[in-house]
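Welcome to this short briefing, meant to be read with the structure open beside it.

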Amino acid sequence: MNRISALIGVSSERHDVSYVLRICAVAALGGILFGYDTSVISGAIGPIRAHFQLSDAATGWAVSSVILGCIIGAFSSGWLAHTLGRRMALFVCAILFSVQSIGAALAPDFLQFVLYRILGGLAVGIASAVSPMYMSEVSPKDMRGRALSMEQFAIVLGALLVYVVNYLIAARASTAWLETMGWRWMLGSEIVPCLIFCATIFLIPESPRWHMIRGREDHAFRTLSRISNDAHARSLMAEIRESMSRHGGKGHALGTILKDKRARWIVFVGAMVAGLQQFTGINIVVYYAPMLLSATSGSLQNALFQTIWIGVANLVGGMIGAWIVDRKGRRPLILWGSLGMTLGLLVSSVALYTQDTGLLALFGLLFYMLMFGLSWGPVAWILVSEIFPNRIRSAGMSLAVASNWVMNFVVAQGFPMLAGNKALNEAFHGAFSMWLFALLCLGSMIFVLRYVPETRGVSLEKIEETMLGNPNASASRPLKAQSGIGHPDPV
């Protein structure tokens, strides 16, 4: 029976699925704040630009300044998660989110606004690494994809919530009120999910793998036996112990990454996957959707209403992705999702280029977001959360997530200047950026399919051999990923 279960990819161990999903749901509140904080600017950027009388470059800085904080937060997340633990690192995020939501809303000038946004970025950067890190470490291997999809689902839900809040604030407001007070209410509304996160974070256990790294095996056993049963807990602890003795168990080993060619290759692949997610153009839509749609929708209020449906499309895509990622694997979702995203961008580009005042641009973005939600959205975070061996997990994830935010900064800062270029606008009416990101989306797909193996059903203790192609892969020459769209047998 166990052999049959292994062949069809079903774990022979019985896990308390509801318990795993509950504790992952609390950790995913960091994802909700991630989505809320990074998306709130989409509705507020127009009024903020008018209130502070910003240039194109300053408008880009108003958006991308938060990403500077994200980069710093991501780089520090590995040390923080290793030193304080995953749970306490998430509590630090909750406090930072709370302070910045009030501070940015009350900022009397643009400088203070930017400083508070950078503070919020620190929280986003830490949460974007630690939340999926925690989920990957408490989830059984046969449901890890579903559990980690909760992170992307939470990010999208946070974005959708703030799209609705922004629209409700702006729906019947005058332009003058939005430019003086409306944007402050948009930013200040984040305090509600912040307080919920602060109140619930200590209801979840610490990561058992962090306890193992710290030598607290009794604590690790209690959590693992609660997740499944005593026998499975002892078996998994033996695997973790053996992995730590074979490769070292420091968990935040930048020195290991610098010295070990195997580790450097895995970190390079992880950083590329995380960074390339931004080159698909996702945050152009997240940050600037109202700006993109205002030309075809007739008013800011209409554009904000249409943005809600973009969030809904992303949420629906995320639900589909969570349902099939552990059934079909990571690579097929990247393949078909990337092709669909490219098609959606091309449809929107046609609407912009022809200056169509109908719903064609919206339909293109809706399809793009649907396909992103079921592919690059969850899969990039799943891969980044599961491809790093225990010995370099926190350091590897911090570097990969920092790569994501560096690319995010480049895209968010550069887009307003690209969109504001008179020559490009006169020639292409805003379609040029859509064509550019369609091309980058295809390039990102090719990298993943060439260098990232299927990781469905692979335990975290066996991931290094999978990433290197086979157990005897040369340390000096990493092997290419399988060219097919298969998956390894569960281990």
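In this predicted model, helix α2 spans residues 17-27, and its buried residues are Y19, V20, I23, C24, V26 and A27. Looking down the axis of α2, you will find these buried residues within an arc of 155°, so they line one face of the helix.

**Helix α2 and its neighbours**
- An α-helix has 3.6 residues a turn, so residues three or four places apart point the same way.
- Which helices do the buried residues of α2 pack against? Their partners are α3 (29-52), α5 (86-106), α6 (110-138), α7 (144-170), α9 (191-200) and α11 (217-227).

**A closer look at L178**
- You can find L178 in helix α8, which covers residues 175-188.
- Is L178 buried or exposed? Its relative accessible area is 3%, under the 20% cut-off, so L178 counts as buried.
- L178 and A44 are 134 residues apart along the chain, and 8.4 Å separates their C-alpha atoms.

**The protein as a whole**
- The secondary structure consists of 23 helices and 0 strands.
- Of the 491 residues in the protein, 59% are buried.
- If you take the contacts between residues at least 6 apart in sequence, 83% of them join residues at least 24 apart.
- The protein has an accessible surface of about 18,600 Å², and carbon and sulfur atoms account for 66% of that surface.

Key. Residues numbered from 1 in each chain as written. Predicted model: local features only at pLDDT ≥ 70, side-chain atom pairs only at ≥ 80, totals over all residues. Heavy atoms only, no water. Buried < 20%, exposed > 50% of the residue type's maximum accessible area, 1.4 Å probe, protein only. Helix = DSSP H or I, 4+ residues; strand = E, 2+ residues; numbered from the N terminus. Arc of directions from axis to C-beta. Contact = heavy atoms within 4.5 Å. Areas by Shrake-Rupley, 256 points an atom, 1.4 Å probe, with all protein chains shown as cover.
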